[in-house]
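Colleague: I am new to this one. Please walk me through it.

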Amino acid sequence: MNLLIPLMVIVPILCALFLNLLHKKDRAIKTVTIILALALPALPLLANYGLHYFGGYEPLLQNPTLANNLPSFITGGALATFHPAITYSFQSAQQLFVFILGLVGLLALFTSVYETRRPSGVYAYMLFMGVAAMTAIILTDDIFNLYVFFEIAALATVGIVLVSNIKGNYETALKYMILGSVASPLLLLGIALLLGVTGNVNVTDIIYSIKTGAVDPQNPVLLLACGLIVFGWLYGSGLPPFHTIKSAIYSKALPSGSAMIQAFSVFTFIALGIIILRIFSYLPFSQWVILGVSLLAMILGITMAILQTDIKRMIGFLAVGELGYIGIGLGLGTTFGITAGLFQAVNEVIITALLFIGFGVVVYQTGISNTRKLGGLMVRNPWVALLVLLGGFAMAGVPPLNAFQSKLMLIQASIDAGFPELGIIMILLSIVTFMTFMKAFHTVYLRPKPADLEIKTETIPKATVISLVVLLVVCIIFGLFPQYVTSYLQPLATSLAGGVV
Amino acid sequence: MNLYDMIVKKIKDIQGADDGPVTNLSTTSMLTAEITLIASVLVALIMLRQVSTVLMIVAVLVVLVVFLTSMPIMSRLKKEQNDSLSSMMFYVIIAMTVVIALFYWGNLNV
C-alpha cells in the first residue's frame with residue numbers, strides 16, 4: 001500500500017488541475033470540491049508507513065539484485081548507502097501532520113464553497129496546490145525537492161491572496177513576492193552550497209557525509225549554507241523579520257485562505273526546522289539561534305497582536321507568536337521538548353484555523369474587520385460566538401483544551417532542560433494572549449452595537465458552523481487525550497533528540 | 001508626566017487623524033504591550049547566566065537602564081513594524097547579516 005505515499009501529493013495536484021478546468025461552472029465546482037477534498041484527510045489514514053523512491057531506485061545496500069551486477073568499488077563504499085532517488089518518508093509523525101493538514105484543507109474548502117456566492121475553480125486550485133506542496137514538504141527527505149514545493153506553496157499563498165478581492169490584497173501580495181524574491185534564492189543558494197560540499201541533496205546522505213568525516217563539519221561553506229537555510233526558514237514560516245508581511249498576508253486573504261496559509265507556515269516551520277536540527281545540531285549556535293528567533297517571534301508577535309484593531313491582523317500576529325512556542329520546543333533539543341513543540345504545532349494549526357474561520361463569520365456578515373467599528377454581534381450569533389470564545393481559550397492555553405496540554409509540556413520541558421526562564425516567559429505571554437483575545441472578543445461580540453454598523457448578510461452558512469464544530473471537537477479530544485497525539489510524535493522526537501535520523 | 005500620559009501622547013503622535021480617537025482600550029493595550037515587552041526581555045536576558053553570570057548581570061542592568069530611559073518603547077516598535085516595503089527590506093537585510101555572521105564567524109571563532 002506504499003503506493004498511497006506519492007498519491008498524497010499527486011491527488012491534490014490532480015484535484016487542483018481538474019477544478020481549474022471547471023472554472024465558472026459554479027454548481028459542479030461546489031460538489032466536486034467537497035468530494036475531492038474528502039480524499040485529503042483520508043489518504044494519510046489509509047497509507048502504510050514506509051519509504052517511497054521517486055524517479056530512481058532504493059540504496060544499493062537495500063537492493064542486492066542490482067548491486068550484484070556492479071563493480072565492488074561502488075557496492076563496497078559509501079555510494080551503496082546513498083539514495084539516488086527522491087525519497088519520501090511516511091512515518092507516524094508525518095501521518096499525523098498530513099492528516100491535520102488534510103483536515104484543515106477539507107474544512108477550508110468546505111467553508112469557502114459555501115461562503116462564496118460563486119465558487120471559484122481558481123481559488124480551489126490554489127488551496128489544493130498549497131496542500132499538495134505542503135504534503136510534499138512534510139514527506140520529502142530531499143532538500144532540493146523541498147525547495148521546489150516551498151516555491152509552489154509560496155506561489156499558492158500569493159494566489160490565495162490575489163483572488164480574495166480584499167482591499168489592498170494586490171499590494172500585500174506584491175510585497176510578499178518581492179521579499180520572497182530576496183529570501184528564496186538565498187535558501188536555494190544555501191542548498192546549492194550544501195550540495196557543493198557534500199555532493200548530495202538527500203538529507204540522510206548529507207548527515208552520513210558529515211558524521212563519517214567525508215565532509216569537514218567546520219567547513220566555512222557548510223556554515224554559510226546553514227546560515228542561508230536558517231534565513232530561508234525565517235521567510236517560509238513568517239518568523240521575524242518576516243512576521244509583519246506574514247501577518248499582512250493573513251489579513252488580506254479570505255478566512256478559509258488565511259486558515260490554510262497559517263497551516264502552510266506552521267508545517268514549513270516544522271519541516272525546515274527538523275532539517276536544520278538533523279543536519280546542523282552539532283553546531284553549538286544552532287540551538288541558541290532557534291531559541292533566540294523563537295523568543296523574538298513570541299515576544300514581537302504577541303505584543304504586536306494586542307495593539308491591532310483589525311481582527312484578522314490580530315490573529316495573524318498571534319499565530320506568529322504561537323510559532324515561537326513550537327520553536328522553543330525544537331530549540332530545547334530534548335525528546336520531551338521536541339514532542340511538546342510538535343504537539344503545539346498540530347494544536348496551533350487547528351486553533352488558528354478555528355479562529356480565522358470563526359472571526360471570518362463577522363467579516364462575512366458585516367464586511368468589516370476593524371474592531372473599532374464592530375460590536376453587539378453576540379445577540380445575532382450566540383453559538384458562533386461561543387465557538388470562537390472556546391477557540392480563543394484553546395489558543396491561550398485554558399484547560400482542558402489542546403494547547404493547555406502542549407504549553408504545559410513545553411513549560412515542563414524548559415524547566416527540565418535548565419531554562420526555567422523560558423517557562424516564565426511562556427506563561428506570561430499566554431496570559432497576554434488570553435487578554436488580547438478577550439479584548440477582541442469584547443469589542444466584536446459583547447459591547448453595544450454601533451449605530452452605523454450594518455449587517456449585510458443575516459444568515460451564516462451551515463458549512464462554516466460545521467467546520468467550527470469539527471475543529472473545536474478536535475481541540476477538545478486532543479486536550480483530553482494528549483497521549484494519543486504525542487504517541488505519534490514521540491518516535492520522530494526521540495530520533496531528533498538522539499541525533500540518529 | 002506619568003507613563004500613561006506619555007503613552008497617550010505617543011499614540012497621538014504616531015497615529016494620524018484618520019485612525020480615530022485615542023481610546024482607553026488603545027492606551028491600555030499599549031501599556032500592556034510595553035510591560036510585557038520589558039518583562040519578557042529582562043527574563044530572557046537571565047538566560048545569559050548559561051554563558052556567564054557577570055555578562056547576565058551587566059546585560060540586565062544595561063537593558064533595564066535603556067528601557068527606563070527610552071519608555072514608551074512599544075510605540076516606537078509599532079512605528080518600525082509597519083507595512084512599508086522599505087522598512088521590511090531593511091530589517092530583512094539586518095536579519096540576514098546577523099544570521100550569517102552568527103553561523104559563519106560564530107562557529108569558526110567561538
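Modeller: Chain A has 21 helices and two strands. Helices (H or I, at least four residues) and strands (E, at least two) are DSSP runs, numbered from the N terminus. This is a predicted model; local features need pLDDT of at least 70, side-chain atom pairs 80 or more, while totals for chains, interfaces and linings use all residues. Residues are numbered from 1 along each chain, and chains are lettered from A and ligands numbered from 1, as written.

Colleague: How do I read a pair of packed helices?

Modeller: Two packed helices are described by the angle between their axes and the distance between the axes. Take helix 13 (residues 255-280) and helix 15 (residues 311-332) of chain A: their axes come within 11 Å and cross at roughly 20 degrees. Axes are lines fitted to C-alpha atoms, over the stretch in contact, with angles from 0 to 180 degrees between N-to-C directions. Helix 13 and helix 15 of chain A are therefore roughly parallel (angles under 35 degrees).

Colleague: Which residues of helix 13 and helix 15 of chain A make the contact?

Modeller: Among them are F269(A) and G273(A) of helix 13, and L323(A) and G327(A) of helix 15. Contact means C-beta atoms, placed from the backbone, within 7 Å.

Colleague: How many residues of chain B are in contact with chain A?

Modeller: The size of an interface is often given as the accessible area lost when the parts come together. Here we count residues: 34 of chain B are in contact with 39 of chain A. Helix 5 (85-109) of chain B is one of the suppliers. Helix 5 of chain B gives the most, with 14 residues.

Technical notes
Contact = placed C-beta atoms within 7 Å. Parallel < 35°, antiparallel > 145°, perpendicular 65-115°, else oblique.
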